Amino acid sequence: MEKIVIYTDGGCRGNPGIGGWGVWLRYKDHDKKLKGSELNTTNNKMELTASIRALEVLKSSDITVDLYTDSKYVIQGINEWIDGWKAKGWKTANKKPVKNVDLWKRLDALNQEFSVNWYWVKGHSDDPGNDMADLLANQAMDEIS
């Protein structure tokens, strides 16, 4: 099975505030860079959006995806919390509605469509993939500012 490597990052200047997301996809000897921004958003929304946008551009489900993010929120949500949220009707353990549920539902559907291995990488630690995704997210915020 073919493998694609994806790095994602999202950020916000102010929380809420101007936000941006960046994605760096690598497949064999090809790479693709994506970025986008929103005026009034949150850091968590941008982190989720980066992963969603990365998976949305994939053309074939017959691949394995290694997705790296520096967001513990995304990693814990997709690997630990999401099954419980769904079982409880998208409610948290405290019976409160899951925040960003629209984004979580989109990410969940994409995660089920593709074979995704989720990895956490420490942000701002000289990881080339994370650095590129961070640069793209910051460029997107600069362009909208």
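Contact here means heavy atoms within 4.5 Å. Keep that in mind as you explore this predicted model, in which local features need pLDDT of at least 70, side-chain atom pairs count only at pLDDT 80 or more, and totals for chains, interfaces and linings use all residues. Residues are numbered from 1 along each chain as its sequence is written, and side-chain values use heavy atoms, with hydrogens and water left out.

**Stop 1: Leu58.** Select Leu58 and set aside its neighbours within four places in sequence: Leu58 is in contact with Ile4, Ile6, Leu25, Ile63, Val65 and Phe114.

**Stop 2: the core.** Leu58 is also among the residues with the most contacts inside the largest nonpolar core, which has 31 residues. Such a core is a set of buried Ala, Val, Leu, Ile, Met, Phe, Trp, Tyr and Cys residues joined through side-chain atoms within 4.5 Å; buried means under 20% relative accessible area (1.4 Å probe, protein chains only).

**Stop 3: the sheet.** Now show the strands (DSSP runs of E, at least two residues, numbered from the N terminus). Five of them form an open sheet in the order S3-S2-S1-S4-S5, with mixed pairing; two strands pair if DSSP finds at least two bridges between them. S3 (30-41) and S5 stand at the edges with a single partner strand each, so one side of each is left without a neighbour in the sheet. Further in, S1 and S4 pair in the parallel sense over seven bridges. Pick Ile4 and find its bridge partner in S4, Val65.

**Stop 4: Asp66.** Select Asp66, also in strand S4. Is Asp66 buried or exposed? Asp66 is buried, with a relative accessible area of 6%. Leaving aside neighbours within four places in sequence, its contacts include Lys3, Val5 and Tyr119.

Notes
Buried < 20%, exposed > 50% of the residue type's maximum accessible area, 1.4 Å probe, protein only. Helix = DSSP H or I, 4+ residues; strand = E, 2+ residues; numbered from the N terminus.
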